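We will go from whole chains to single residues, one stop at a time.

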Amino acid sequence: MIAGDSITVRLGGRAILQSAYVDAVPGKITVLVGRSGAGKTTLFEILVGRRRPDGGQVRWNGEQMSRPSLPLLARRGLFYHPDRPWLATSLTAADHFALLGRPLVDDRLDTTAWLHRRVGDLSGGELRLTELALGLALAPTVALLDEPFRGLEPRRREQVAAALRLLAERGTAVLYADHDVESVRRTADRLFSMEQGATRLVEGFRERPLHEWYHAWPR
Amino acid sequence: MWLTSRLFQSYLRRFLLLWIAGKIANAATASIVKLPPLAFRPGTELIVCAFEVAVLVAFIRRANEDILLGNIGLRVSVALAPLVLLHFALSLALSLFA
């Protein structure tokens, strides 16, 4: 599956990422948690080749990728959901499913209601659910999602969490980034904490008090 | 599949507008230096075509649609390659008619 190892990024003399490591495991939901600006999006962009690191490597099934790119990774089964809208606003949701060549067979996220409306006319929540529904339709081997719950009301958050769980149960390696450290404790099977550009795998994150392993949390 | 998709058709529409704009600019420049305005000059066509594609790529990247293309395994350059052929075909056809 996908892994970023010893990833380092410097910007204007400041280290954005410092030898960061993250990976995704088949059948598990792995969460990268950290405050806004901690470097989560930068790390994800490096994993899918949208940004070049100053150091470190991206691996796919253990093989080092010299120049990872989203189209190449997508052909190997990766789905990438960035933290900003990425669908074509002039097209309908149905057009997007047609583009993927994957019909909407499992409407777990209730997207049928707005399937034939232009994406540009959808609300922020509807748009986010449509993007995620496309990811589900692709049945990826790796799903990389940057803040998939952002802007969703509680009921929708539950739907998305259930959809991610279903993906993992089908064998997908789910890796998502979030800043809501309390809610990820309920969803995650594995958890990486990210602070000041560095990551660490946290053991026992459900049982241990937050301040013990998440230094950004007030004591 | 890609060529018949609604997304490619939307790029095709935008590219045709860019081709018309490029052709007008090219013809105007040629008239100033007293060259046949609609003649097919491969070097000039290549430069104009590169400019048209660059503008379209900028639109695509600005709307994050390169991520959409990426998620279906398509590089932007591959997705837009048919439009390059279209540019040369249209320009050649126009020069023959003119």
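What follows is a tour of selections, with a note on what you will find at each.

**Before you start**

This is a predicted model, in which local features need pLDDT of at least 70 and side-chain atom pairs count only at pLDDT 80 or more, while totals for chains, interfaces and linings use all residues. Residues are numbered from 1 along each chain as its sequence is written, and chains are lettered from A and ligands numbered from 1 in the order in which they are written.

**Stop 1: chain A**

**Stop 2: the largest nonpolar core**

Next, select Val31(A), Leu32(A), Leu43(A), Leu47(A), Leu78(A), Leu144(A) and Val174(A). Of the 73 residues in the largest nonpolar core, these touch the most other members. Such a core is a set of buried Ala, Val, Leu, Ile, Met, Phe, Trp, Tyr and Cys residues joined through C-beta atoms within 7 Å. Helix α4(A) gives the largest share, six residues.

Zoom in on Leu32(A). Leaving out residues up to four places away in sequence, Leu32(A) touches Val22(A), Lys40(A), Leu175(A), Ala177(A), Phe192(A), Met194(A) and Thr199(A).

**Stop 3: helix α1**

Select residues 40-47 of chain A. Six of the eight residues of this helix, α1, are buried, so it is largely enclosed by the rest of the structure. The buried ones are Lys40(A), Thr42(A), Leu43(A), Phe44(A), Ile46(A) and Leu47(A). Step just past the helix to Gly49(A), where phi is positive at about 75°.

**Stop 4: a helix pair**

Now select residues 124-138 and 154-169 of chain A. How do α4 and α5 pack? Their axes are 11 Å apart and meet at an angle of about 10°. That makes α4(A) roughly parallel to α5(A), the term for angles under 35 degrees. The axes are lines fitted to C-alpha atoms over the stretch in contact, and angles run from 0 to 180 degrees between N-to-C directions.

Show the side chains of the contact: Gly125(A), Leu129(A), Leu132(A) and Leu136(A) come from α4(A), and Arg156(A), Val160(A), Ala163(A) and Leu167(A) from α5(A). They divide into six nonpolar, one polar and one charged, where Ala, Val, Leu, Ile, Met, Phe, Trp, Tyr, Cys and Pro count as nonpolar, Asp, Glu, Lys and Arg as charged, and the others, Gly among them, as polar.

While you are in α4, click on Ala133(A). Ala133(A) is buried, with 24 other C-beta atoms within 10 Å.

**Stop 5**

Pick Ser6(A) in strand β1 (residues 2-11) of chain A. Its phi is near 55°, a positive value in a residue other than glycine. Ser6(A) counts as partly exposed, with 13 C-beta neighbours inside 10 Å.

Then go to Gln196(A), in the loop between β9 (190-195) and β10 (198-201) of chain A. Phi of Gln196(A) is near 50°, again positive in a residue other than glycine. With 14 C-beta neighbours inside 10 Å, Gln196(A) counts as partly exposed.

**Stop 6: chain B and the interface**

Finally, select chain B. Its secondary structure comes to four helices and zero strands. The C-alpha atoms fill a box of roughly 50 × 25 × 20 Å along the principal axes, and 24% of the 98 residues are buried.

Where do the chains meet? In all, 20 residues of chain A are in contact with 16 residues of chain B. On the chain A side, α2 (70-75), β6 (78-81) and α3 (93-100) each supply at least two residues. The residues on that side divide into 14 nonpolar, three polar and three charged.

Note on methods: Parallel < 35°, antiparallel > 145°, perpendicular 65-115°, else oblique. Contact = placed C-beta atoms within 7 Å. Buried ≥ 20, exposed ≤ 12 C-beta atoms within 10 Å, placed from the backbone.
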